[in-house]
Amino acid sequence: MNRVLSITLIAALFIITACGGGGGKSKIDQIKEQSKMEPAEAESNVPASERITLDNKGVGQIKDLPLPETIDQEMVARGKAIFETNCSACHKVDKRFIGPSPKGIMERRSPEWIMNMILDPQLMVEQDRCAKDLLVEFNGAAMANQNMTEEQARDILEYFRTL
């Protein structure tokens, strides 16, 4: 009987400790503190997912990406397939999920920012204010680096142009 009680108490303590015990800081507060990711003061009233930052190209290898007027449907098809395979576990086209919806992203972000976020989300979260604010808004759910090639990221971007 004592052994069962001891095991039960140890399991209960483990569960309480693993869940934070209710007395410590939340996970998102810890992320904010560790990375100093409080939202930019002037923009704190507008959620990062709704903020328009078309002049921000982000941080990374893509510095300038002019887009042609016409949408390349072959790229769209490839981009949609890549998105469905690699991104749809966290991003839903028509609604907020673990991460933001890409619908309308071309009206909120520059092509360079989108490409840089796809290609190196960790660098973006470390150095780009909007990416940091998105991380906070989405409860610390960091975007996984899918190790996309520039061509794959460009195909996804072309798909986003159709949303």
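Trainee: Buried means under 20% relative accessible area, exposed over 50%, and partly exposed in between, with a 1.4 Å probe and protein chains only. With that in hand, how many of the eleven residues of helix 7 are buried?

Mentor: Eight of the eleven, so helix 7 is largely enclosed by the rest of the structure. Before we go on, this is a predicted model, where local features need pLDDT of at least 70, side-chain atom pairs count only at pLDDT 80 or more, and totals for chains, interfaces and linings use all residues. Residues are numbered from 1 along each chain as its sequence is written, and side-chain values use heavy atoms, with hydrogens and water left out.

Trainee: Which residues of helix 7 are the buried ones?

Mentor: They are Ala 153, Arg 154, Asp 155, Ile 156, Leu 157, Glu 158, Tyr 159 and Phe 160. Helix 3 and helix 4 are among the things that cover them; contact here means heavy atoms within 4.5 Å.

Trainee: Stepping back, how many helices and strands are in the protein chain?

Mentor: Seven helices and zero strands. Helices (H or I, at least four residues) and strands (E, at least two) are DSSP runs, numbered from the N terminus. Buried residues make up 36% of the chain's 163 residues. Among contacts with a separation of 6 or more, 76% join residues 24 or more positions apart.

Trainee: What is the angle between helix 3 and helix 7 where they pack?

Mentor: About 100°, and their axes are 7 Å apart. The axes are lines fitted to C-alpha atoms, for helices over the stretch in contact, and the angles run from 0 to 180 degrees between N-to-C directions. The two helices are therefore roughly perpendicular to each other. For the cut-offs, under 35 degrees counts as roughly parallel, over 145 as roughly antiparallel, 65 to 115 as roughly perpendicular, and the rest as oblique.

Trainee: Which residues of helix 3 and helix 7 make the contact?

Mentor: Helix 3 brings Met 75, Val 76, Arg 78, Gly 79, Lys 80, Ile 82 and Phe 83, while helix 7 brings Gln 152, Arg 154, Asp 155, Ile 156, Glu 158, Tyr 159 and Phe 160. By type, the residues of this contact are seven nonpolar, two polar and five charged. In that count Ala, Val, Leu, Ile, Met, Phe, Trp, Tyr, Cys and Pro are nonpolar, Asp, Glu, Lys and Arg are charged, and the others, Gly among them, are polar.

Trainee: Okay, helix 4. How many of its residues are buried?

Mentor: Nine of the nine, so helix 4 is largely enclosed by the rest of the structure. Its buried residues pack against helix 5, helix 6 and helix 7.

Trainee: And the largest nonpolar core: which residues touch the most other members?

Mentor: Of its 28 residues, those are Trp 113, Ile 114, Met 115, Ile 118, Ile 156 and Phe 160. Helix 3, helix 4, helix 5 (121-127), helix 6 (129-137) and helix 7 (150-160) each supply at least two residues, and helix 4 gives the most, with six. Such a core is a set of buried Ala, Val, Leu, Ile, Met, Phe, Trp, Tyr and Cys residues joined through side-chain atoms within 4.5 Å.

Trainee: What is Met 115 in contact with?

Mentor: Leaving aside neighbours within four places in sequence, Met 115 contacts Ile 62, Leu 65, Glu 150, Ala 153, Arg 154 and Leu 157.

Trainee: Changing topic to loops. Where is Ser 49?

Mentor: Ser 49 sits in the loop between helix 2 (27-35) and helix 3. With a relative accessible area of 15%, Ser 49 is buried. Beyond four places in sequence, its contacts include Arg 96, Pro 100 and Phe 138.

Trainee: Is Lys 103 buried or partly exposed?

Mentor: Partly exposed, at 49% relative accessible area. Lys 103 is in the loop between helix 3 (73-86) and helix 4 (111-119). Not counting residues up to four places away in sequence, Lys 103 touches Val 93, Arg 108 and Leu 163.

Trainee: Last one: which residue other than glycine has a positive phi near 55°?

Mentor: Asn 139 does, and Asn 147 also has a positive phi, of about 55°. Most residues other than glycine have a negative phi. Asn 139 counts as exposed at 59% relative accessibility, and Asn 147 is exposed at 62%.
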